[in-house]
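Here's a quick tour for anyone meeting this structure for the first time. Have a look at the model, then read on.

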Amino acid sequence: MKRTRISRRQALRLIGAAGLAIGAVSFGTLLPTGVASAQALGMPQDEEKVADTMKRLFGGRTVQEAADRIKVDAPLIAENGAVVPIKVDAELPMNPDKYVKNIYIIADKNRRPLNARFALTPEAGKASIATNIRLAATSDVRVIAEMSDGALFGVTREVKVTVGGCGG
Amino acid sequence: MSVGQVRIRVPEKAKAGEVVTVRVLITHPQETLAFKDGKPVARQYNFLHRVEATYNGKKVFEAEMTQAVSQNPLVAFPIKVSEPGTVKVTFFETTGKTYSGEAQIRF
């Protein structure tokens, strides 16, 4: 019987390639498209209009108004734009087959409107997050929940800002 | 307080199947853009751009942050717990540094 011989070097190379492939798969899991690419980490990015941000993040998909299902706790008037507490509670399904994948916080009048994105899994149990954001000026703040099937639910809330908090 | 100190608050006791809220606070300046002649100065700014949380080693939460997140960022997120364990939260700075903290969830 004839056996195909694999040298030690070939075997090692194969194992290495397999390892790399596994690594690549297990990394890009939760977050799809990044705000900042690896090369530009921390570098200033171009100013963006909110319409462009929406297009970049969601393509042409429409956002359903869902004030009844997403509760947003934000101050009516924020004296200091540098620290604006935002709390989001979404009453949307969190089952393995249908769940809230991402929650976006977008401030219309910021230089770059996307404030933050929160990626959730069904293990979270409920779609509820809180954070402190910066607002440059009085503006609408949009909270948008993206479902695992691509549906978008959003709420818009106006926050009045006395002193802007984005520097410059 | 020193930069990068991570403080995590979890409920004292949890029950199986309960959704607990994990509140995380980190000391960090979240540097904002510096402007010169109305244009942002092109250099690397030091801020946290990502935070990741694991529960018993399994990834449960991740968030992408920008400079439009306040200094000393607060992040709160839910986890549905089925067994006691350790929640570990790691922040990633644009400079490549990471800061992490841990908390125990007891039953």
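How many residues does the contact take from chain B, and how many from chain A?

## Where the chains meet

Keep in mind that this is a predicted model. The contact draws 36 residues from chain A and 33 residues from chain B.

Strand S6 of chain A, residues 114-120, pairs with S6 of chain B in the antiparallel sense, over five bridges. To find one spot in S6 of chain B, look for B:Met65, the bridge partner of A:Ala116.

## How chain A is put together

Chain A has two helices and nine strands. Start at the N terminus and you'll go through α-α-β-β-β-β-β-β-β-β-β.

Of the 168 residues in chain A, 33% are buried. Now take the contacts in chain A with a separation of 6 or more: 69% of them come from residues 24 or more positions apart.

## Inside the core

The largest nonpolar core has 58 residues, and A:Ile103 and A:Ile133 have the most contacts inside it. Strand S5 of chain A (residues 100-107) gives the most to this core, with six residues.

So who does A:Ile103 touch? Setting aside neighbours within four places in sequence, A:Ile103 is in contact with A:Val88, A:Phe118, A:Leu120, A:Ala127, A:Ile129, A:Val143 and A:Ala145.

Key
Residues numbered from 1 in each chain as written. Chains lettered and ligands numbered in written order. Predicted model: local features only at pLDDT ≥ 70, side-chain atom pairs only at ≥ 80, totals over all residues. Contact = placed C-beta atoms within 7 Å. Pairing = 2+ DSSP bridges. Helix = DSSP H or I, 4+ residues; strand = E, 2+ residues; numbered from the N terminus. Buried ≥ 20, exposed ≤ 12 C-beta atoms within 10 Å, placed from the backbone. Core = buried A, V, L, I, M, F, W, Y, C linked by C-beta atoms within 7 Å.
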